[in-house]
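Dear colleague,

I am passing on the structure below, and I would ask you to keep it open while you read the notes that follow.

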Amino acid sequence: MEIAFPVIDFSKLNGEERGATMEMIKDACENWGFFELLNHGISHELMDTVERLTKEHYRKCMEQRFKEMVASKGLEAVQSEINDMDWESTFFLRHLPESNMSDIPDLEEDYRKVMKEFAVELEKLAEQLLDLLCENLGLEKGYLKKVFYGSKGSTFGTKVSNYPPCPKPDLIKGLRAHTDAGGIILLFQDDKVSGLQLLKDGQWIDVPPMKHSIVINLGDQLEVITNGKYKSVMHRVIAQTDGTRMSIASFYNPGSDAVICPAPALLEKEAEKSQVYPKFVFEDYMKLYVGLKFQAKEPRFEAMKTMESTVNLGPIATV
């Protein structure tokens, strides 16, 4: 029997189906680490413009560069599996604490403007979602945002990726399997070319491409804060032999000096369950993650536990 990927109509939170919708979000966070949002409040017109300009920018500024890289590494003729790189063309935009948008070369003014507008909408949606997670967890409203804030505010950025057609998708991944290090991730993906998969109960399951949807997934920090009640989940991108897949993933993460640990209120509620996860500064976790991204998350948590026993962290920095 095929398992149905959780698709949630966000507009139903405003009506009599709120309770059932909150339950669906809760189940998705506990059992999937992923869900797909429809009617999330971001205008379809804005999303269409973002998609059009992203695809134009790739064709004008990045496609040729990618082809040259493939040729220089001889990737089209590979005979064995490639494990140290991905079949993707990317660039990164930073929005918070300060934007780097004006520093990115080759971005036309209308594209820059529309990506700024899109980021504002995504930031609002991320904060809304964090409050819904608080509600489902029985945490005070604003708790997750406050923890993420640290002393300087959350970090928020966007990875803009294109996955061009790949002649050897069995030998090279679009993006190798990993969990996301941060907080909550909001993905605007291609609605025609698929490729994103998540690992559930030992099986790789497709995340269905849907027009105007935003795919949500939880990062490692939410697993720690919920003491494992919610999980970050391994996912990957399978390269396709035809069609270029667009992926715009925005990461709403803790600030670099935010202290992350299981929420004391959750530990009190589950007195019989001990604190399983470590306490650490987000920046320290990120330093570790950079070298271990494509490995299991559990050794990262263990390494932070070891570090925790040698470093005394003060109270959580809040505003």
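In this predicted model, 7 strands form an open sheet with mixed pairing, in the order β1-β2-β9-β6-β11-β4-β3; strands (E, at least two residues) and helices (H or I, at least four) are DSSP runs numbered from the N terminus, and two strands pair if DSSP finds at least two bridges between them. Because β1 (7-9) and β3 (89-96) each have a single partner strand, they stand at the edges, and one side of each is left without a neighbour in the sheet.

Residues are numbered from 1 along each chain as its sequence is written. Local features need pLDDT of at least 70 and side-chain atom pairs count only at pLDDT 80 or more, whereas totals for chains, interfaces and linings use all residues, and side-chain values use heavy atoms, with hydrogens and water left out.

The strand β3 pairs with β4 (residues 155-163) in the antiparallel sense over 7 bridges, and phenylalanine 91 stands opposite valine 160 in β4.

Helix α2 (residues 44-73) lies across β3, β4, β6 (184-189), β9 (214-218) and β11 (245-253), while helix α3 (residues 109-137) packs on the sheet, touching β2 (34-38), β3, β4, β6, β9 and β11.

Aspartate 131 has its place in helix α3 and is partly exposed, at a relative accessible area of 24% (buried is under 20%, exposed over 50%, partly exposed in between, with a 1.4 Å probe and protein chains only). Leaving aside neighbours within four places in sequence, aspartate 131 is in contact with Lys141 and Gly142, contact being heavy atoms within 4.5 Å.

How values were computed: Axes fitted to C-alpha atoms, helices over the stretch in contact; angles between N-to-C directions.
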